[in-house]
Amino acid sequence: MKRFFFPLRSVAVLRAHRQAQAREVFSAAVHRYVQAEEAQQRGAAQQRGLEEIISTGRRATFSAADEISFWGAYRAACAEQVTVERAVIEARAHMETRRLQYLEAHRAVKVIEQLEQKARVDYRRASERTAQNELDELAGLRSARRLAEANRFS
């Protein structure tokens, strides 16, 4: 019996390669998104720290120069936080796009795997059918030989 041959093997290899590439790109996008969220959390902590400094500074003696410098730093922190939030939104959208591309590549690989499994089942059935036909033919020859021998001696 000849060995199993899957004619779409080269397609399966290409799709598996594309899936691996899509997985790597998706992983990089997730990493970028996590970094953007961490930057957003650091900026929010800095902003809260400045808010606390400003509010506690008002309870003590008022210094206009200190107040102006803290407000300038607070406004810069708020502007930076807006920029970081935009980066997080962009990173999330990029990550979602890459996730969809990875899922599509994964589905393409699964389709080929299912086709290969079906082809293997069909090959196995054909092999079993051929083997059974050979056994039936052998049994028929033996039976015919026994009948011929029985007729010859009778």
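User: What is the relative accessible area of Glu113?
Analyst: This is a predicted model, where local features need pLDDT of at least 70, side-chain atom pairs count only at pLDDT 80 or more, and totals for chains, interfaces and linings use all residues. Residues are numbered from 1 along each chain as its sequence is written, and side-chain values use heavy atoms, with hydrogens and water left out. Buried means under 20% relative accessible area, exposed over 50%, and partly exposed in between (1.4 Å probe, protein chains only). Glu113 counts as partly exposed because its value is 36%.

User: Which residue forms a salt bridge with Glu113?
Analyst: A salt bridge needs a side-chain nitrogen of Lys or Arg within 4 Å of a carboxyl oxygen of Asp or Glu. Here the closest N and O atoms are 3.3 Å apart. Both partners lie in helix H2, 3 residues apart, about one turn of the helix. The partner of Glu113 is Lys110.

User: Which residues do salt bridges that share partners join into one network?
Analyst: The structure holds 4 salt bridges. In one of them, Glu116 pairs with Arg9, with the closest N and O atoms 3.1 Å apart. That pair links helix H2 to helix H1 across 107 residues. The network joins Arg9, Glu116 and Arg120.

User: How many aromatic pairs does a search of the whole structure find?
Analyst: Rings of Phe, Tyr and Trp (its six-membered ring) pair if their centres lie within 6.5 Å; planes under 30 degrees apart are stacked, over 60 edge-to-face, the rest tilted. One of the pairs is Phe4 with Tyr123, edge-to-face at 5.4 Å and 65 degrees. The count for the whole structure is 3.

User: How many residues apart in sequence are the parts that Phe4 and Tyr123 tie together?
Analyst: Helices (H or I, at least four residues) and strands (E, at least two) are DSSP runs, numbered from the N terminus. Phe4 lies in the segment before helix H1 (9–59), and Tyr123 in helix H2 (residues 64–153). So the pair ties together parts whose separation in residues is 119.

User: What kind of pair do the rings of Phe26 and Tyr102 form?
Analyst: Phe26 lies in helix H1 and Tyr102 in helix H2, 76 residues apart in sequence. Tyr102 is buried, at 18%. The ring centres are 6.2 Å apart and the planes meet at 5 degrees, so the pair is stacked.
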